[in-house]
Amino acid sequence: MISWWKGAALALVAAVGLAAPRAAHATDIELFFPVPVDGALARNMTGLIKEFNDSHPDIKAVPVFTGSYDDTLLKTRAAIKAGKPPAAVIMSANFLTDLAIEREIAPMDDLIGKDGKSQDAFMGQFFPALLPNAVIDRKVYGVPFHNSTPLLYINADHFRQAGLDPDKPPRTWAELYDAARKLTKREGDRTTRWGLMMPSNYDYGGWILEALTMSNGGRYYNEEYGGEVYYDTPTMLGALTFWSDLVHKAKVHPAGEQKGPAVTGAFLAGQASMMIISTGSLTFIRDTAKFPFRVAFVPMNVRQAVPIGGASLVQPTGLSEEKRAAGWTLIQWLTSPEKSGWWSRATGYFAPNKAAYDLPEMKAFLEKNPDAKIAVDQLANAKPWFATYRTVPVRKAIEDELQAVLSAKRQPKEALAAAQKAADALMRPYVEDTALRLPGAE
């Protein structure tokens, strides 16, 4: 899939160069952007950048497709190290804490101030649930661009065939478990239709496990400090055991690692009746599904709670003042109510700029597509996305154990103990330099 996107992106990027003549001294900048979910994000972004260039003759922005969120982090760091940082990056929102700790991204408060705005006034444009992953140590390091929450998607026809009401989707883990059993189909020892599927690959798996942990009453990490995670806890043990039971006990979910595109593909092919996946895939599902479907909040066990997902626009350190100013112009344009709303309608991500929902075109869209409002409504229960020092390897510590449990290679309790030990070791340098750096210590 990535190679297809790369080819599409390159072809469309070439089209950007066919825009109206540039100013004699236009500032050339790059925008790094990932394609983390299903859909036409590469084509949509290239069209947006062409529109920006046409309306800003003093700036020539070039969109650079950078793969997954993890790939984008690696490529951004490589560009910074090479002395050629892009002027703006659409960066996974949970990477900002690590990037700020390492001083690889610059705070934007001075740029906000130059526009005559306070931090509170500028960030007040966006939904409050998004701010903890954008404002770090009281400084603005990211501007929310596209955001998501995980959603429960259900095949309405399958629900009716199983005697279930698609307009009353599961609200609790018990109801989800029961529905998945009724929806699963087998022919002898072969499963022909899974009741439920959830992605467990790198990046996606940690996010879904965080959603289950939060809905079980837990906290995935210390939101106020980048050196603590809560893997070996009763709330995560319950979440991981529940996922394991769906696979190994109820046998309503396939075993082993399940990648996001495979989950979506199974749902669209009628091989899975339910899935929990990002709202960022909603437009793709709506445009592709040949059957009626519904979306709903992620079912709860103890409370209704989910993590936010998606990305913010950031600026790496090392930019010239000219490129930084041009990048800031692009960031403000992309996060305006009009563009935020357009991007939401095109992709399925919810618009982080609250004013987008006051626009006539967005009101008309939501009236026609009420499923798009579910993720926005779920924001009332949204919590920050996992963000620590060395976010990716710390996240992979739990994802490796998650995949081992789903493959029947580990039991949940021992898996969480191993993940906690590995994560603590990874974060130890930061912890020793902060929380354990005490007065009088030699």
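**Exercise 1.** Find which residues of helix α10 are buried, and what covers them.

*Solution.* Start with the helix, residues 234-249: M236, A239, L240, F242, W243, S244, L246 and V247 are buried (under 20% relative accessible area, 1.4 Å probe, protein chains only). Next, look around them: the cover includes α8, α9, α17 and α18. Helices here are DSSP runs of H or I with at least four residues, and strands are runs of E with at least two, numbered from the N terminus.

A word on the model: it is predicted, so local features need pLDDT of at least 70 and side-chain atom pairs 80 or more, while totals for chains, interfaces and linings use all residues. Residues are numbered from 1 along each chain as its sequence is written, and side-chain values use heavy atoms, leaving out hydrogens and water.

**Exercise 2.** Work out which strands stand at the edges of the open sheet of 5 strands.

*Solution.* First, read the order: β2-β1-β3-β13-β6, with mixed pairing. Strands pair if DSSP finds at least two bridges between them. Then check the ends: β2 and β6 each have a single partner strand, so one side of each is left without a neighbour in the sheet.

**Exercise 3.** Describe the aromatic pair of F33 and F65.

*Solution.* Step one: the centres are 6.2 Å apart and the planes 65 degrees, which is edge-to-face (pairs of Phe, Tyr or six-membered Trp rings have centres within 6.5 Å; planes under 30 degrees apart are stacked, over 60 edge-to-face, the rest tilted). Step two: F33 lies in β1 and F65 in β2, so the pair ties together parts 32 residues apart in sequence. Step three: F33 is buried at 1% relative accessibility, and F65 is buried at 15%.

How values were computed:
Buried < 20%, exposed > 50% of the residue type's maximum accessible area, 1.4 Å probe, protein only. Contact = heavy atoms within 4.5 Å.
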